[in-house]
Amino acid sequence: MSSSSKLSFTASSPLTSSKGLPSSIAFTSHKNPSTRIPARSAVFTPPSSLQSRAAPCFCNPVSARKGRTFSARASLSATMATGVKEVLPPALTSTSDPPPVFDGTTRLYISYTCPFAQRVWITRNCKGLQDQIKLVPIDLQDRPAWYKEKVNPGNKVPSLEHNNEVKVESLDLIKYIEENFEGPSLLPDDPVKREFAEELYSYMDTFTKSVFGTFRGEGDDKAAAAFDELEKALSKFDDGPFFLGQFSLVDIAYAPFIERFGPYLLEVKKINITEGRPKLASWIEEMEKNEAYTQTRSDPKELMEKYKKRFGGSL
Ligand SMILES: N[C@@H](CCC(=O)N[C@@H](CS)C(=O)NCC(=O)O)C(=O)O
């Protein structure tokens, strides 16, 4: 890894090694493509100080029930329950009519299996914007011609149609949604943390390329080094188990990729990404509790098959 791609971590506490936790990286999924209906969480009304006009319910029911004191940000920590039972629409194909584009509706065009689109979908859910941002899933294998003509000339997902404009690029979109829509804040005010968020967004490319290198048989050390960087990043702030301490857009940016890489590395390369990486193990565990995220997960078997097709399924 080149020095320019390295992150300037300063671990706040030394890492202790732990046993590998294979089960913790086998992300469970709500997804059976035929029934994309996420389970509803227990209905819970947050204290008024935590309520957002747009977010139906996003706080931690357990903490609240126990009467613990927690800030609005702390309520976002890991158990961000959406309280929204969303029936996901079928993906549009080459024979589907286009939606009435630029009619004032805000639409998020995604593919159910695209990790880039998933970032934006998670952000929308975390901010409780299910009613404000309509999901429009596209079947990329049988893409409607109108998508390129009317929505995104780049013909990729995700795209966000908002205020008569179409915006693209997942990292830009998650920031755009954070800045332009209501809902709980997904970025801390602390400038040090914001700067680190930018570093972690920049590292994303190196991270994925390194892991794909291992997928392609260029050596297990590539993925190991990439996950070591994440472990160090997760050690930087000690006010929570997430990249910036508390849950943020950075966790959202990484989650779809870790969700895919962990199981593939375990099954095909026999590499357990949580082995000796306790911070990563607890990050995964915490993310598992975040309904706004788990509702967006693809069927792990479907993802595994896709990756095996692309990179091969044997050692
Ligand atoms: N850099 C883009 C990448 C988006 C992307 O590559 N999307 C893929 C699906 S995962 C896509 O639309 N591919 C269709 C194509 O390339 O034709 C982002 O972050 O939004």
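Predicted model: local features only at pLDDT ≥ 70, side-chain atom pairs only at ≥ 80, totals over all residues.
**Exercise 1. State how confident the predictor is in the protein chain, and where the pLDDT is below 50.**

Solution. Start with the term: pLDDT is the predictor's confidence in each residue, from 0 to 100. The protein chain averages 80, and 73% of the residues score at least 70. Over residues 8-26 the pLDDT is below 50, and this stretch has 40 contacts in the model beyond near neighbours in sequence. Two residues are in contact if their C-beta atoms, placed from the backbone, lie within 7 Å. Residues 28-79 also stay under 50.

**Exercise 2. Describe how helices H6 and H8 pack.**

Solution. Two packed helices are described by the angle between their axes and the distance between the axes. First, locate them: H6 covers residues 220-234 and H8 covers residues 278-287. Next, take the geometry: the angle is about 75 degrees and the axes are 8 Å apart. Axes are lines fitted to C-alpha atoms over the stretch in contact, and angles run from 0 to 180 degrees between N-to-C directions. H6 and H8 are therefore roughly perpendicular to each other, a label for angles of 65 to 115 degrees. Finally, list the residues: Phe227, Leu230, Glu231 and Leu234 in H6 meet Lys279, Leu280 and Trp283 in H8. By class, this contact has five nonpolar, no polar and two charged residues. Ala, Val, Leu, Ile, Met, Phe, Trp, Tyr, Cys and Pro count as nonpolar, Asp, Glu, Lys and Arg as charged, and the others, Gly among them, as polar.

**Exercise 3. Is Lys85 buried or exposed?**

Solution. Lys85 lies in the loop between helix H1 (61-65) and strand E1 (106-110). A residue is buried if 20 or more other C-beta atoms, placed from the backbone, lie within 10 Å of its own, exposed if 12 or fewer, and partly exposed in between. Lys85 has 12 such neighbours, so Lys85 counts as exposed. In the whole protein chain, buried residues make up 41% of the 315 residues.

Terms used:
Residues numbered from 1 in each chain as written. Helix = DSSP H or I, 4+ residues; strand = E, 2+ residues; numbered from the N terminus. Parallel < 35°, antiparallel > 145°, perpendicular 65-115°, else oblique.
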